[in-house]
Amino acid sequence: GLKEEINSKSQPVILNIDSKEIEGLIKERENAKSTKDFYKSDKIRAKLKSLGVQLIDKKDGKTEWEIID
């Protein structure tokens, strides 16, 4: 179902995915990257982007995400 998230401007943004699913996909992407399956990791990034989620890879290896306006 559709989930509602609040963006930085406090306006509701309708997403087709919830934060638990986003975190799960990020973990799956991290696993793919660790096994050098860059095709799969890029595919997961593209899927999240198409759902309105931008990933931000940090220098410490962590991945943060935000809702794309």
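Val53 is found in strand 3. Strands here, like helices, are DSSP runs numbered from the N terminus, with at least two residues of E for a strand and at least four of H or I for a helix. Before going on, a word on the source: this is a predicted model, where local features need pLDDT of at least 70, side-chain atom pairs count only at pLDDT 80 or more, and totals for chains, interfaces and linings use all residues. Residues are numbered from 1 along each chain as its sequence is written, and side-chain values use heavy atoms, with hydrogens and water left out.

Back to Val53. Is Val53 buried or exposed? Val53 counts as buried because its relative accessibility is 1%; the cut-offs are under 20% relative accessible area for buried, over 50% for exposed, and partly exposed in between, with a 1.4 Å probe and protein chains only. Setting aside neighbours within four places in sequence, Val53 is in contact with Ile17, Ile22, Leu48, Trp65, Glu66, Ile67 and Ile68, where contact means heavy atoms within 4.5 Å. For Ile68, 15 residues along the chain from Val53, the C-alpha separation is 5.7 Å.

Now the strand pairing. Strand 3, residues 53–57, pairs with strand 4, residues 63–67, in the antiparallel sense over five bridges; pairing requires that DSSP finds at least two bridges between the strands. Gln54 has Glu66 of strand 4 as its bridge partner, and Asp57 stands opposite Thr63 in strand 4. The two strands form a hairpin with five residues between them, and Gly61 in the turn has a positive phi of about 95°.

As for the chain overall, there are two helices and four strands, and the order from the N terminus is β-β-α-α-β-β. Of its 69 residues, 26% count as buried. Of the contacts between residues at least 6 apart in sequence, 29% join residues at least 24 apart.

Next, the helices. Two packed helices are described by the angle between their axes and the distance between the axes. Helix 1, residues 19–34, packs against helix 2, residues 38–50, at about 160°, with the axes 7 Å apart. That angle makes helix 1 roughly antiparallel to helix 2, since angles over 145 degrees count as roughly antiparallel, under 35 as roughly parallel, 65 to 115 as roughly perpendicular and the rest as oblique. Axes are lines fitted to C-alpha atoms, for helices over the stretch in contact, and angles run from 0 to 180 degrees between N-to-C directions.

Which residues make the contact? From helix 1 they are Ile22, Leu25, Ile26, Glu28, Arg29, Ala32 and Lys33, and from helix 2 Phe38, Lys40, Ser41, Ile44, Arg45, Lys47 and Leu48.

One of these is Ser41, in helix 2. Ser41 counts as buried because its relative accessibility is 2%. Leaving out residues up to four places away in sequence, Ser41 touches Arg29, Ala32 and Lys33.

Last, the loop between helix 1 and helix 2, where Lys36 is found. Most residues other than glycine have a negative phi. Lys36 is not a glycine, yet has a positive phi of about 60°. Lys36 counts as exposed because its relative accessible area is 65%.
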